[in-house]
Each structure stands twice: as C-alpha cells, then as structure tokens.
Amino acid sequence: MNIQSIKGLVQPDRVHRAVYTDPTLFELEMARVFGRAWLILGHESQVRSPGDFFTTRMGREPVIVTRHTDGSVRVLVNRCAHRGARVCETAAGTTAEFVCAYHGWTYGTDGRLARLPLPDGYARPAGESIGGGLARVPRVEAYRGFLFASLAEHGPTLAEFLGPLRTSFDDFVERAPDGEVEVAGGVFKHAYQGNWKLVLENHNDTVHPAFVHASSIWAARQEPAAAEGAYSEIGVRQMLQNGAPWEVWENTGLWVAGYGHSWMADYHDDSRLVAALAHPAFAEYRAALEQRLGPEGAARVLGELRWNSIAYPNCSFMSQFRQLRVVHPIAVDRTVVYAYSFRLRGAPERMFRDTIAFSNVVNGTASPVLTDDLEVYERTQQGLGARGSDWVFLGRGQGRDLPDREGTRRGRSGTSEVHIRNQFAAWLEYMTAES
Amino acid sequence: MRAADDVELRSEIEQFLYHEAWLLDQGRLDEWLGLFTDDATYWIPLQANQADPLTTSSIVYDDRRLLEVRVRQLRHPRAHARIPAPRTVHQVGNVSVVDAAESGDVRVGSTLVLVEYRRERQRVWGALVEHRLRRSTEGLRIAAKRVDLVNSEAELDGIVCLF
C-alpha cells in the first residue's frame with residue numbers, strides 16, 4: 001500500500017474502516033508504528049536485582065526484559081540465535097542465564113552467547129556468525145521507573161516522545177509517601193476479538209459509560225449504602241461514577257499531546273472515591289505523604305485528578321488509581337491487554353487493598369464493567385466488516401479544540417473526540433514517514 | 001461421626017451441589033443467589049494457589065453486595081455482554097467432604113466442567129471448586145465458594161457465565 005493511499009484513509013473528522021480491518025495495514029502498523037514508537041514494557045520493580053527478568057511483547061515481538069549483572073536493564077528478543085526457538089518460557093523469575101531447550105545454546109542476562117555444545121564444529125566461532133547472541137532491542141530508557149524500549153535504532157528520546165504526558169507518570173509516582181511505586185497483586189490478561197486501537201480510543205471516551213455501562217450503573221444504584229469499610233464500596237462507587245451526569249463529563253478536562261498521547265483530568269476526586277471511604281487508613285496515608293512533601297505539597301499531589309492517560313500506541317494507565325494496561329496487538333482483529341496494579345510504597349496496606357478491589361471491578365476479566373467494554377469492542381469490529389459504509393465518524397468537538405500549555409490541545413468539552421483524532425494524526429505520521 | 005451419618009451427609013451435599021448447578025443451568029439466578037449466606041463470598045482467583053483475595057487481584061471476588069449487583073445487572077435491557085445469556089451445562093463431579101465439624105461449616109471439594117454457549121461460540125471451562133457450607137433453618141447455605149479455573153492465568157476473553 002503506497003503512502004498516498006494511506007493518507008487517504010485519515011481525514012480531519014473521519015477514518016476509513018480499513019484501518020481497523022485490513023490485515024495488510026496491520027502488518028504495516030507492526031513495522032511502522034510498533035516498530036518505531038517507544039513502547040512501554042513495565043516497571044523497574046519487576047527487575048529489581050541482577051538476574052531478575054520478565055517476558056512480554058513489543059507489538060508481536062516476544063522479548064525478555066532482564067536486569068544484567070552490571071545493573072543495566074536489557075531487552076532481548078526471545079528467540080534463540082541458533083535455530084529460532086524461544087529461549088524463555090517463564091513469565092517472570094530470576095536466573096543467571098537462558099538455556100535454549102533445543103540444543104543447549106546458553107545466553108547471559110545481557111543476551112551474549114556464553115556457551116554452546118560442540119563449539120569446535122564451525123568454520124569460525126559460532127558466536128561471530130550469529131552476531132554475538134540474542135538480538136538486543138536497540139533503545140531502552142526509563143521514566144520515573146517506567147520501562148520503555150524502541151525497536152528503532154533512531155528516533156526521539158523517551159523524554160521528547162512523552163512530552164507533557166510525563167506529568168501523568170509524575171502523578172503516578174508522587175502519590176507514594178516513599179516516592180516509589182511497585183508492581184504487585186498479579187496481572188489480568190484480558191482479550192477481545194477486535195483491533196488494538198479500539199481500547200485506546202475507548203479509555204478517554206467520556207460519552208460511552210452512560211451507554212456501555214448502563215446495566216452496571218443501574219444495578220449499583222439499587223444497592224443500599226454499605227457498612228463502613230466494606231470491601232465492595234470502592235467497586236460500587238466506581239460503577240456509580242460511570243453514571244455521572246453529562247455536565248460532569250462535559251466539564252472533564254481532556255488533553256492531547258504529540259505522538260498520539262492524551263489524558264483525562266478533573267474527573268474523579270478523592271472526596272468522591274478514596275477519601276470518601278471514610279477509612280482511617282486514608283488519614284494515615286495523607287499524614288505519611290505530608291511528612292515527605294509538607295501539607296501544601298501533599299494537597300497539591302492529592303489535588304491532581306487524573307483519570308486515564310494514554311501513552312500511544314501501547315499503554316493506558318490510571319495514575320490516581322495505580323492501574324497500568326499494556327496493549328498487545330495479536331492480529332488485525334485480536335488484542336490482548338495486560339493490566340497491572342501498583343503499590344504505593346510507604347502507604348498503609350489498606351490503600352493497596354482498595355487498589356486490588358478497584359482493579360477487580362475496572363480490569364477484571366469477569367467484571368460487570370469491563371465485560372461490557374469488551375463486548376462493544378467486538379461488536380464494533382464486526383460492524384466495521386460491513387461494506388455498506390466505509391467511514392468511521394470522529395467529528396465530536398472537531399473545530400472547537402483549544403490550544404493549551406506546552407503545545408497541548410484540549411477539547412472544549414470533555415466529551416470531545418479530540419483524543420481519537422489526535423491518535424490518528426500520530427498514526428498517519430508513523431505510517432507515512434520514510435524511515 | 002458414624003459411617004451411616006457420613007453417607008447421609010455426603011448424599012445431602014451432593015444433592016445440594018446438583019441443585020445449585022441446576023439453578024445455574026436453568027437461569028434461576030435469584031434462587032441461586034438465595035443459596036448464599038448474607039456474609040458469603042464468591043471467589044474466582046486469578047492465580048493458581050492464590051493465598052488471599054485482598055492483596056492479589058481476582059477474576060471475581062464478590063461479597064454478597066457485589067454478587068447481588070452482578071446478578072441484578074442481567075435484568076437490565078442493555079446488559080450488552082449478558083444478553084443473550086449464555087446457555088450452560090454445569091457438570092459437577094468428584095464430590096468429597098474435606099472436613100466437617102459437628103457444629104461448624106462443612107468444607108466440600110468438587111470438580112466442575114462447564115460448557116458455555118453464547119453467540120456462535122462454545123467455551124469449555126474446568127475448575128476445582130471448594131464450597132464452605134453452613135447449616136441454616138432452610139437447609140444448607142453457601143458461606144463461601146472458591147472456583148479455581150485451570151486456565152485462570154491465561155489470556156482470557158471476557159467471562160460472563162457464573163460458575
């Protein structure tokens with residue numbers, strides 16, 4: 001597909017359905033979007049000590065993220081340099097080396113070939129012929145402990161790429177009394193028969209909750225108030241919040257920045273959700289935060305009201321609620337999302353229990369909320385297969401978006417589809433750039 | 001406990017579990033909900049051998065209140081993921097009493113094979129199940145139910161059926 005025909009797929013207020021359904025475009029996306037962008041991998045707490053590793057994907061590329069003996073983080077392609085078998089089958093662990101099951105080729109945590117059987121059987125050292133060991137992902141960087149890598153040799157630095165979205169990662173970390181967060185509590189892996197873009201478009205879509213989540217809103221509204229400290233309270237409150245009146249959504253801040261990023265703010269405040277749980281643990285948490293930041297600093301941090309932030313093209317996170325989702329495109333109509341919870345170091349354990357209760361309702365594979373999102377992604381994918389109409393309309397708020405600080409734009413209303421138009425602007429840049 | 005009591009208890013429990021499965025397969029979910037005690041928990045762990053539901057996420061961890069929301073949701077005309085409701089067969093087997101105190105709860109282990117059909121797609125689930133049953137004036141009631149899916153750690157499409 002040539003550049004001109006790709007350009008024709010994205011127009012100011014609409015996109016061609018092929019961007020969701022065409023397998024050829026999907027292959028191009030894997031090379032040009034996922035092959036170029038900085039992709040989130042996870043968090044440094046997953047590889048705290050030398051030898052620690054976890055496996056994940058960058059787009060469809062299977063990779064191992066390791067902490068090498070020199071303390072650096074390496075990202076290695078999970079494919080034996082000899083005959084191509086995956087060398088690591090474990091989700092996470094600690095090891096000195098990776099041994100291929102097929103012929104025993106053995107690699108260090110930096111990916112370098114350490115030994116192989118029958119090394120004398122080659123005209124020149126086998127390590128030379130295979131380029132030294134496991135293929136290394138060329139660029140790896142961290143921001144505030146969040147690990148990113150890029151499959152491209154060249155491109156913007158991570159700081160340039162994230163731009164003003166960095167403030168969402170700052171918010172994530174600054175909420176911790178010790179100034180550090182860590183991955184904890186397991187990982188949800190939910191999947192749907194639909195394109196990877198659908199989930200990223202949905203997370204800052206403020207018009208969908210009233211319709212997609214109508215049944216869980218309705219069911220939650222009939223629940224009488226719970227006893228103080230009830231486990232269910234944070235989940236029920238979240239379901240109720242999805243039913244907020246239009247004026248709440250209209251007044252929600254929705255910002256977009258370069259490279260397709262966006263975030264939603266001024267939405268949930270702690271008096272609505274966390275503090276309102278009226279648990280002494282929240283007062284204890286606030287006191288711990290004040291100890292590090294002072295009362296004004298703590299008030300500033302707790303006054304930051306972000307909901308979803310999107311680091312395009314593979315990450316959606318909730319700094320205020322310690323959730324981070326990594327999007328793995330599998331095929332043009334198949335996507336897997338890994339959802340992680342984080343613990344605020346230095347906060348009372350009760351805060352983490354609320355994080356877990358929240359994650360079960362927001363990211364749980366059988367959640368009364370998430371299952372309706374997944375259902376609608378699948379119906380959208382099926383509908384987009386229809387040939388009756390080729391265009392997907394993204395015009396809400398178009399022409400009314402406002403320029404804002406640090407080169408960002410903001411929807412005049414929180415119900416604007418500005419974040420989707422912005423994602424496609426980035427998509428088009430990736431897809432049509434020469435290299 | 002005498003051997004005859006043992007046989008009687010086992011039979012009573014088996015009948016109870018079959019009845020529970022029948023209610024689920026018939027879509028009689030309000031009656032199913034009625035089998036749970038007010039302080040019941042319904043738990044589908046995320047991890048194999050998961051020790052607790054409060055510090056690790058769960059596919060489902062419902063107290064009575066969340067379980068009521070879950071069942072009530074089905075009645076809404078726009079319960080998108082649940083209309084049409086899946087048709088199911090719950091096959092309960094290998095029922096065994098893990099422990100039973102004279103005056104306390106009875107812990108019961110069983111296996112579950114569940115065949116689910118919804119919208120042109122059939123899924124098969126396998127699980128190890130543990131019930132904690134409590135005797136009440138209305139007969140046995142579920143104080144806790146834990147369902148360990150064999151594929152709980154897999155990449156899973158949305159789950160809407162009840163186990």
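This is a predicted model: local features need pLDDT of at least 70, side-chain atom pairs count only at pLDDT 80 or more; totals for chains, interfaces and linings use all residues.
User: What makes a residue of chain B count as part of the contact with chain A, and how many do?

Analyst: Two residues are in contact if their C-beta atoms, placed from the backbone, lie within 7 Å. By that test the contact takes 30 residues from chain B and 39 residues from chain A.

User: Which element gives the most to the side of chain B that touches chain A?

Analyst: That is α3(B), with six residues. At least two residues each come from β2 (58–63), α3 (64–73) and β7 (156–157) of chain B. Sorted by type, this side of chain B has 14 nonpolar, nine polar and seven charged residues.

User: Why are β13 of chain A and β7(B) called paired?

Analyst: Pairing needs at least two bridges found by DSSP. Strand β13 (residues 181–192) of chain A is joined to β7(B) by two bridges, so the pair qualifies, and the strands run parallel. On the β7(B) side, B:Leu156 is the bridge partner of A:His190.

User: How do you know that β1 and β2 of chain B pair, and in which sense?

Analyst: Strand β1 (residues 36–45) of chain B and β2(B) share five bridges, in the antiparallel sense.

User: What makes β2 and β3 of chain B edge strands?

Analyst: The open sheet has six strands in the order β2-β1-β6-β5-β4-β3 (chain B), with mixed pairing. Both β2 and β3 (87–100) of chain B have a single partner strand, so one side of each lacks a neighbour in the sheet. From one strand to the next, the twist averages 20°.

Terms used:
Residues are numbered from 1 along each chain as its sequence is written. Chains are lettered from A and ligands numbered from 1 in the order in which they are written. Helices (H or I, at least four residues) and strands (E, at least two) are DSSP runs, numbered from the N terminus. Ala, Val, Leu, Ile, Met, Phe, Trp, Tyr, Cys and Pro count as nonpolar, Asp, Glu, Lys and Arg as charged, and the others, Gly among them, as polar. Axes are lines fitted to C-alpha atoms, for helices over the stretch in contact, and angles run from 0 to 180 degrees between N-to-C directions.
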